[in-house]
Every structure is written in C-alpha cells, then in structure tokens.
Amino acid sequence: MPTNLKESCRSVHGAHEVPRQDRRQFLKTLMVGGSAVGLTWLVPAVGPRAAGQTEALLLSCMDFRLVNQTARYMHSRKLTDKYDHIVLAGAALGAVTDTFPAWNQTFWDHIGVAIDLHKIHKVMLLDHRDCGAYKVILGEDFAKDPPKETAIHATQLRRLGKMIQEKYPALTVELLLMALDGTVEVISASS
Ligand SMILES: [Zn+2]
C-alpha cells in the first residue's frame, strides 16, 4: 500500500478512535460517579423499547433448524425487538395437545402475561413443516405428504386460533406455516 494511502487510512480510522489514555480517563470518571456526557455516549442509538408495549406474541416450535429463519422472518415483518416469544415443541399443536396439558397451560399463562405486561394486540402462531413434535404426538410422518401436512397444521392452527379469539376477541391472530427453507405461507382462518 502506498505511504500516502496508509496515512489516509490511519487518519480515517483515527477519527473514530478514542485514544487509550482518554479511554482510561473516561472509564475512571464513570466508575467514580459518571458524567452525563459519558453516559449518553454509552446509550446505544437503537435499543430495546422501555417496558410497556409491544406489537405481538410469537408462538413457534423449539426446532433448532429454524431459529435463525424465524428471527429472519420476524425481521422481514419489521418486528425485530417488537415481539414476545414463547417456544413449545409443535407450536400450535403443543398448545392444544392432550398429551402435554402443562404446555397448554403454559401457553395460556404466557398470553395472559404478554397482554398484561406488554399490551400485545396480535398473536402469531408459527408452525413448521417436517415437525418432529407432530410426528411424535400424532404418530405419523406428515412430511411425506405435503398437502396432508398442510392440512394437519391448518387444523391445529385454526383450532388454537379460534380458542384465542374466543378468549381474547380484541387480539388478531395470524396462522403461519414455515417450510425448512424459511419461506412462510399464511393459513386462512377458515377452511
Ligand atoms: Zn417442530
């Protein structure tokens, strides 16, 4: 790299750096009692909202394969940092199955808390294809027959969606089904 370019890189980087001595002094000031200027400098420009309100509660499955895809989907919906999140194996099925009644209760408890604490006005129910919990609880590998798989998820999503709307008519409910590549299809509330 030519010397003049090196110099210009250094000056560009240097413009954003706090010299070591100043950093040490800054931290010392902060530890001793802080300063308004220093504290302002520490607060990120964009961060989580203050406790109070948020948009939605998301219910999703625990499947490790879709953790990033789920966050990416919520980001595409412009909901990053704007939703509460409850995770149950099987998502909608986990919330309604007789096999795990404690999970049903956990779901309703969390909806109640999300309403009380964060005034949510929407619940997003996000099932996914090739779900192990559906296989275990219902005893069938639905992934082999995609239309049948869509139908069984639609049944569970609609069942839970209806229960939510009966209990909390003010909430809107979205019924969603994610494929393993992260694409999401919307399931209509009525069959
Ligand atoms: Zn699953």
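This is a predicted model: local features need pLDDT of at least 70, side-chain atom pairs count only at pLDDT 80 or more; totals for chains, interfaces and linings use all residues.
Residues are numbered from 1 along each chain as its sequence is written, and side-chain values use heavy atoms, without hydrogens and water. Local features need pLDDT of at least 70, and side-chain atom pairs count only at pLDDT 80 or more, while totals for chains, interfaces and linings use all residues.

The largest pocket holds about 150 Å³ of space. A pocket is an open set of points on a 1 Å grid over the protein atoms alone, where a 1.4 Å probe fits, with protein on both sides within 12 Å along at least five of seven lines. Grid points are joined across faces, edges and corners, and the volume is the space filled by probe spheres set on the points. Lining residues, which have an atom within 4 Å of a point, number 14 here. Closest to the pocket centre are Ser60, Cys61, Leu66, Val67 and Thr70. Helix H4 (67-76), strand S2 (83-87) and strand S3 (122-128) each give two or more residues to the lining. Helices (H or I, at least four residues) and strands (E, at least two) are DSSP runs, numbered from the N terminus.

The whole structure contains 2 aromatic pairs. Rings of Phe, Tyr and Trp (its six-membered ring) pair if their centres lie within 6.5 Å; planes under 30 degrees apart count as stacked, over 60 as edge-to-face and the rest as tilted. The ring centres of Phe100 and Trp103 are 4.0 Å apart and their planes lie at 5°, so this pair is stacked. The pair of Phe107 and Trp108 is edge-to-face, at 5.3 Å centre to centre and 75° between the planes. Phe107 and Trp108 are both buried. Buried means under 20% relative accessible area, exposed over 50%, and partly exposed in between (1.4 Å probe, protein chains only). Phe100 is partly exposed because its relative accessibility is 29%. Trp103, at 25%, is also partly exposed.

Gly94 lies in helix H5 (residues 92-96). Its relative accessible area is 0%, so Gly94 is buried. Leaving out residues up to four places away in sequence, Gly94 touches Leu88, Ala89, Phe100, Trp103 and Asn104. Contact means heavy atoms within 4.5 Å. Gly94 and Ile137 are 43 residues apart in sequence, yet 8.9 Å apart in space, C-alpha to C-alpha.

Helix H8 (residues 146-167) has 22 residues. From first C-alpha to last it reaches 32 Å, close to the 32 Å expected at 1.5 Å a residue. The expected span is 1.5 Å times one less than the number of residues. Buried residues of H8 include Ile152, Gln156 and Leu160.
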